[in-house]
Amino acid sequence: MDHKTIQLAHGAGGQLSNDLIDTLFLPRFANKTLEAMEDQAVLDFPENRLSFSTDTFVVDPIFFPGGNIGELAINGTVNDVAMCGANPLFLSVAFILEEGFPMEDLHQILISMEIAAKRASVTIVTGDTKVVNKGSCDKIFINTTGIGVLDHDLNISAGNLQVGDKIIVSGTLADHGMAVMTSREGLSFQSRVKSDTASLNGLINTMLKVSKNIHALRDPTRGGAATTLNEFARSSNVGISLIEENIPVKPDVKGACEILGIDPLYVANEGKLIAVVSDEDSLNILAAMTNHPLGKDAVIIGEVVSNHPGMVTMKTGLGANRIVDMPVGEQLPRIC
Amino acid sequence: MCLGIPGKVINIFDENGLKMGNIDYAGTVNKACLEYVSDIQVGQYTVVHAGFGISIIDEDEAMKTYETWEEFVSASAEEGLDIFGNPLEDKN
Amino acid sequence: MKYLDEFRDPEIAKQILSEIHKTVTKPWVIMEICGGQTHSIIRNGLDQVLPKEIELVHGPGCPVCVTPLEIIDKAIAIAGKPNVIFTSFGDMLRVPGSKKDLFMVKSEGSDVRTVYSPLEALTIAKANPDKEVVFFAVGFETTAPGNAMAIHQAAMEGIKNFSELVSHVLVPPAMEALLSSPENRVQGYLAAGHVCTIMGWEEYDPIAEKYKVPIIPTGFEPVDILEGILLVVKQLEEGRHEVENQYLRSVKREGNPVAQNLISEIYEVTDRKWRGIGEIPMSGFVIREKYKLFDAEDKFSVGDIHADEPELCISGVILQGLKKPHECPAFGKECTPTTPLGATMVSSEGACAAYYKYQRMGK
């Protein structure tokens with residue numbers, strides 16, 4: 001079916017999102033930096049090397065267990081800037097507010113943003129506010145753009161995976177997506193699943209102190225770990241093989257996933273990273289991560305392999321291999 | 001079809017004349033209608049499909065199934081058989 | 001999770017697997033009826049570790065796969081009407097109708113919402129008394145009690161702005177339709193554990209006897225499915241054909257009588273079309289005359305909508321296990337997971353979608 005209009009799935013980070021970028025955006029704006037398709041642009045200047053990234057936050061509900069749209073907007077862009085190994089420094093913040101939005105809610109969101117920015121050691125240096133007619137946006141949308149600096153010798157990219165590399169995930173998967181989904185209207189959860197929203201630049205610094213042999217880094221947000229790993233495998237034209245029993249998921253998050261028939265590998269995270277690191281440094285990097293509060297549950301979940309290039313597979317408890325594909329769109333609660 | 005997940009009944013209440021309960025799935029709690037398992041007690045497990053309890057889990061039967069096979073596993077381990085192993089590969 | 005993790009224990013699964021390997025001596029074709037079982041088989045890779053003698057055929061037990069095109073078109077027509085809030089399980093939103101799917105209707109401005117329980121659709125109706133709230137009541141016998149309860153409650157509470165678009169189907173008539181086909185290859189069945197939880201398994205006795213097939217009501221976890229397969233294979237190897245219950249912790253012989261009673265209070269049995277298979281006599285539910293007020297087909301006069309399935313799509317033949325997906329001329333060309341012609345390409349565990357993935361892996 002050809003889509004004549006934009007579908008929600010075009011923004012869900014899966015196959016349709018990729019199609020949109022490949023067929024509409026890239027051909028218009030093509031340049032070398034954009035075509036790298038990283039979460040940030042790395043820009044070389046004579047004196048400095050900058051990491052530059054932008055993201056827009058439209059989460060519904062705006063307040064969810066473990067966080068709100070404001071801290072998500074700070075942490076999300078800090079993470080995108082940091083995932084090339086950069087040190088994030090400055091942020092811009094732009095708000096689109098719906099007429100009638102409660103001032104008290106805005107105040108609460110701003111306090112969370114202030115705290116999140118302090119924690120991430122970034123400064124908000126410019127901003128913008130627009131108010132639109134009731135119904136023209138849903139409560140509040142926030143755009144943040146960030147700039148950071150990075151060393152000239154770093155080369156962390158989705159295209160750098162080497163056969164034999166180990167895949168490390170910094171903690172339990174699917175916390176954020178399930179926190180949001182279980183607090184949505186209509187699902188009647190009395191759940192306590194909490195979002196993992198956090199800025200990961202401190203954790204990345206810790207990792208880089210141990211080893212520069214980090215080949216790729218990404219925070220698996222929309223589309224979850226499965227999407228990030230598929231992007232890695234495609235960009236580097238290598239295979240990725242995961243071990244199912246190593247995939248970390250909290251029991252209550254697993255419970256929520258089971259009820260709704262959702263695979264945690266496809267669910268968004270907002271405070272986790274996936275690192276692809278050289279085999280020989282993997283244990284040292286892992287040890288450094290587990291000593292950091294945001295990496296205490298870090299674990300090796302798989303490795304880079306030479307067979308099935310461009311694809312991700314997972315070894316099940318029974319020793320079978322199943323394909324972990326790119327999702328087509330947003331995961332939906334199912335009964336079947 | 002028919003995703004059905006076992007959860008533990010942690011309380012029972014009335015909503016619009018329907019017997020409802022909060023069900024605990026490893027820490028995540030969600031409401032389900034218990035009209036079809038009306039004998040269920042707090043602490044028992046029910047299989048929930050699309051927000052409805054459809055059976056009370058027969059805990060004795062569940063244990064029996066599990067224990068029968070678990071004995072098999074321990075028995076083969078004692079005999080030194082590799083259950084990953086030869087019988088599988090011989091035939092494939 | 002208790003009563004889930006035990007039945008996923010890989011050590012126990014391997015033990016049963018080795019029993020299956022020891023038991024099987026001849027090739028057998030076994031069908032798992034239920035899409036949930038198919039999902040578990042693919043997810044755990046059970047099909048890859050079974051002896052090569054055993055061929056699993058994925059059955060028609062998935063509402064995504066068997067809800068006929070014209071019902072999807074009716075859903076789309078109703079959802080597109082002004083003043084309607086259309087509610088559905090998430091499963092149905094991506095199923096293609098003749099021209100579009102429910103997601104596209106939503107993107108055109110209609111109010112289409114995902115619900116987890118039919119009672120939530122009723123809550124939405126109460127909260128929006130000036131709107132018509134329609135619930136897409138699809139599914140098998142397992143889902144029917146919940147969908148029946150929503151109508152029963154609406155009647156009790158006098159909620160007049162609620163109705164259901166019903167496309168309920170029944171497992172035993174479909175099994176018989178498959179078994180009586182001259183091209184049938186299936187020699188044993190894993191019956192759907194949650195359907196049997198509601199309906200019990202007495203109605204399978206005559207089918208097992210008439211067609212000489214073992215029928216095993218089976219659960220959904222790897223240990224359940226492997227044990228179900230072991231019970232089928234044992235019977236086949238010994239020349240027996242009985243109904244034997246694997247899913248003892250949930251299925252009783254008589255099923256759930258309270259649920260059965262409410263189902264027959266609200267619905268009556270009718271002929272139903274199955275996508276790709278065609279009309280099967282007495283294979284579905286329709287709302288009884290007494291509750292017609294809650295029938296969305298009447299309320300929105302969509303009874304006249306008819307649709308033929310795309311000629312290119314052979315999903316019916318595939319659902320019956322007669323052809324493999326890659327033998328379809330449209331496979332991977334006109335028909336892909338992002339541009340599906342038939343439901344077997346939509347559902348992530350649909351036979352065509354699964355083949356599409358594995359073909360990319362070079363298998």
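In chain A, 83% of the contacts between residues at least 6 apart in sequence join residues at least 24 apart, a contact being a pair of residues whose C-beta atoms, placed from the backbone, lie within 7 Å. The model is predicted: local features need pLDDT of at least 70, side-chain atom pairs count only at pLDDT 80 or more, and totals for chains, interfaces and linings use all residues. Residues are numbered from 1 along each chain as its sequence is written, while chains are lettered from A and ligands numbered from 1 in the order in which they are written.

**Chain A**

Chain A has nine helices and 14 strands; helices (H or I, at least four residues) and strands (E, at least two) are DSSP runs, numbered from the N terminus. The C-alpha trace of chain A spans about 55 × 55 × 45 Å along its principal axes. A compact globule with 336 residues would have a radius of gyration near 20 Å, and the 19 Å of chain A agrees with this. That radius is taken over C-alpha atoms, and the globule rule is 2.2 Å times the number of residues to the power 0.38. Of the 336 residues of chain A, 52% count as buried. A residue is buried if 20 or more other C-beta atoms lie within 10 Å of its own, exposed if 12 or fewer, and partly exposed in between, with C-beta atoms placed from the backbone.

**Contacts between chains**

The contact between chains A and B takes 18 residues from chain A and 14 residues from chain B. Helix H8 (residues 251–260) of chain A provides the largest share of the side of chain A that touches chain B, seven residues. Between chains B and C, 40 residues of chain B are in contact with 49 residues of chain C. On the side of chain B that touches chain C, H1(B) gives the most, with nine residues.

**Confidence in chain B**

Chain B averages a pLDDT of 85, and 82% of the residues score at least 70; pLDDT is the predictor's confidence in each residue, from 0 to 100. Within chain B, the highest mean, 98, belongs to strand E5 (residues 52–56), and the lowest, 41, to helix H2 (residues 86–91). The pLDDT is below 50 over residues 82–92 of chain B, a stretch with 15 contacts in the model beyond near neighbours in sequence.

**Sheet and helix in chain C**

An open sheet of chain C holds four strands in the order E2-E1-E7-E8, with parallel pairing; two strands pair if DSSP finds at least two bridges between them. Strand E2 (54–61) and strand E8 (215–218) of chain C stand at the edges with a single partner strand each, so one side of each is left without a neighbour in the sheet. Strand E1 (residues 28–34) of chain C is joined to E2(C) by six bridges. Trp28(C) has Ile54(C) as its bridge partner in E2(C), and Met31(C) stands opposite Val57(C). Seven of the eight residues of E2(C) are buried, so E2(C) is largely enclosed by the rest of the structure.

Helix H7 (residues 118–127) of chain C is mostly covered, with seven of its 10 residues buried. The buried residues of H7(C) include Pro118(C), Leu122(C) and Ile124(C). Among the elements that the buried residues of H7(C) pack against are strand E3 (28–33) of chain B and helix H8 (144–157) of chain C.

How values were computed
Two residues are in contact if their C-beta atoms, placed from the backbone, lie within 7 Å.
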